[in-house]
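Dear colleague,

Please find below the structure that I am handing over to you. My notes on what was found in it follow directly after.

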Amino acid sequence: MSTEQPPNPRRPRKTPATRRAPGRPVADGPDLRSRLLDAAIVCYTRQGIAATALRSIAIEAGVNPALLHYYFGDKEQLQAAVIQERVMPAIATLSGHLRTAGDDTARLIAAFVRGVGETVAEHPWFPSLWVREVLCEGGALRDLLVDQIGPQLPQMMAQRFAQAQRDGQLNPDLDPRYLVVSLVGLTLFPIAGAPVWQRVFGVETFDSAALRDHTIALLDRGLGCG
């Protein structure tokens with residue numbers, strides 16, 4: 001006769017230790033979402049936004065692709081998050097410098113030059129991403145510049161320069177709009193091209209502080225020796 005006892009219906013069935021409730025994928029720390037955004041920036045800068053797959057970002061971050069879907073949903077939602085939580089804060093750093101410049105034109109120009117330097121110091125990826133995604137045809141950030149950033153920075157600065165001309169504080173031969181373009185060309189683009197210039201001039205590092213001081217001196221005193 002068998003001595004095996006029938007199962008007790010009142011006794012709860014044991015759950016295997018490896019079983020977990022469905023939902024959030026296994027993560028490895030509270031900063032994972034931020035790390036995923038940083039990995040996206042790296043991939044965007046290296047490959048371009050359109051060419052970057054979620055799987056590439058997951059590999060860069062060292063996580064399962066399911067985590068990207070959990071935190072951001074899809075590729076478009078991730079891109080929107082990168083813009084709002086990485087790109088726009090970089091723009092805010094530059095805007096903050098301009099707000100402290102007051103009405104003096106020379107101070108405004110110097111604030112822009114220094115602001116670009118500080119923005120790049122805090123966000124080293126910014127120049128390369130900007131060149132790739134704004135200047136290149138089909139860049140994913142071009143509409144962002146026109147619709148959101150344009151009124152905040154380029155248009156505001158052009159208006160300030162135009163007023164300085166009317167007040168007799170700025171060379172009347174200058175075009176306020178092209179002055180903004182020139183400032184961008186003297187600051188952001190040389191930094192984006194730093195790897196090339198390092199090879200051309202045979203230097204190991206690109207001195208951003210020296211570029212800042214040079215640009216301010218060039219705009220303030222021109223090419224004269226006096």
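**Helices H7 and H8**

I begin with a contact between two helices: on the H7 side Ile149, Gly150, Pro151 and Gln152 take part, and they meet Pro154, Gln155 and Met156 of H8. Sorted by class, this contact of H7 with H8 comprises four nonpolar and three polar residues, and no charged ones. Helix H7 covers residues 142-152 and helix H8 residues 154-166; their axes come within 3 Å and cross at roughly 35°. Please note that the model is a predicted one.

**The chain as a whole**

The protein chain has 11 helices and zero strands. Read from the N terminus, its elements accordingly run α-α-α-α-α-α-α-α-α-α-α. Of the 226 residues in the protein chain, 35% are buried.

**Helices H1 and H2**

The crossing of H1 and H2 is right-handed. From H1, the residues Arg35, Leu36, Ala39, Ala40, Val42, Cys43, Tyr44, Arg46 and Gln47 meet Ser56, Ile57, Glu60 and Ala61 of H2. This contact of H1 with H2 divides into eight nonpolar, two polar and three charged residues.

Leucine 32 also belongs to helix H1. Is leucine 32 buried or exposed? Leucine 32 counts as buried, because its relative accessibility is 1%, and the cut-off for buried is under 20%. The C-alpha atom of leucine 32 is separated by 8.9 Å from that of alanine 61, although the two residues are 29 apart along the chain.

Valine 87 is found in helix H4, and it counts as buried because its relative accessibility is 2%. Leaving aside neighbours within four places in sequence, valine 87 is in contact with Val82, Trp125, Leu129, Trp130 and Leu144. Between valine 87 and phenylalanine 126 there are 7.7 Å in space, C-alpha to C-alpha, and the two are 39 residues apart in sequence.

Serine 95 lies in helix H4 (residues 75-99). With a relative accessibility of 9%, serine 95 counts as buried. Which residues does serine 95 contact, leaving aside its neighbours within four places in sequence? They are Gln152 and Leu153.

**Aromatic residues**

How many aromatic pairs does the structure hold? There are five aromatic pairs. One of them joins tyrosine 70 and tyrosine 71 edge-to-face, at 5.2 Å centre to centre and with 80° between the planes. Tyrosine 70 is partly exposed, with a relative accessible area of 40%. Tyr70 and Tyr71 form one aromatic cluster together with Phe72.

Another pair consists of phenylalanine 126 and tryptophan 130, which are stacked at 5.4 Å centre to centre with 20° between the planes. Both residues lie in helix H6 (residues 126-135), where phenylalanine 126 and tryptophan 130 are four residues apart, about one turn of the helix. Phenylalanine 126 and tryptophan 130 are both buried.

A charged residue is also placed over a ring: arginine 177 lies over the face of tyrosine 178, at 5.7 Å from the ring centre.

Threonine 105 is located in helix H5 (residues 105-122). Threonine 105 counts as buried, because its relative accessibility is 8%. Not counting residues up to four places away in sequence, threonine 105 touches Phe161, Ala164, Gln169 and Leu170.

Glutamine 163 has its place in helix H8. Its relative accessible area is 35%, so glutamine 163 is partly exposed. The C-alpha atoms of glutamine 163 and aspartate 103 are separated by 9.7 Å, and these residues are 60 apart along the chain.

With kind regards

Key:
Residues are numbered from 1 along each chain as its sequence is written. This is a predicted model: local features need pLDDT of at least 70, side-chain atom pairs count only at pLDDT 80 or more; totals for chains, interfaces and linings use all residues. Side-chain values use heavy atoms; hydrogens and water are left out. Buried means under 20% relative accessible area, exposed over 50%, partly exposed in between (1.4 Å probe, protein chains only). Contact means heavy atoms within 4.5 Å. A crossing is left-handed if the near helix is turned anticlockwise from the far one by less than a right angle, and right-handed if clockwise. Ala, Val, Leu, Ile, Met, Phe, Trp, Tyr, Cys and Pro count as nonpolar, Asp, Glu, Lys and Arg as charged, and the others, Gly among them, as polar. Rings of Phe, Tyr and Trp (its six-membered ring) pair if their centres lie within 6.5 Å; planes under 30 degrees apart count as stacked, over 60 as edge-to-face and the rest as tilted. A charge sits over a ring if NZ of Lys or CZ of Arg is within 6 Å of the ring centre and within 35 degrees of the ring normal. Axes are lines fitted to C-alpha atoms, for helices over the stretch in contact, and angles run from 0 to 180 degrees between N-to-C directions.
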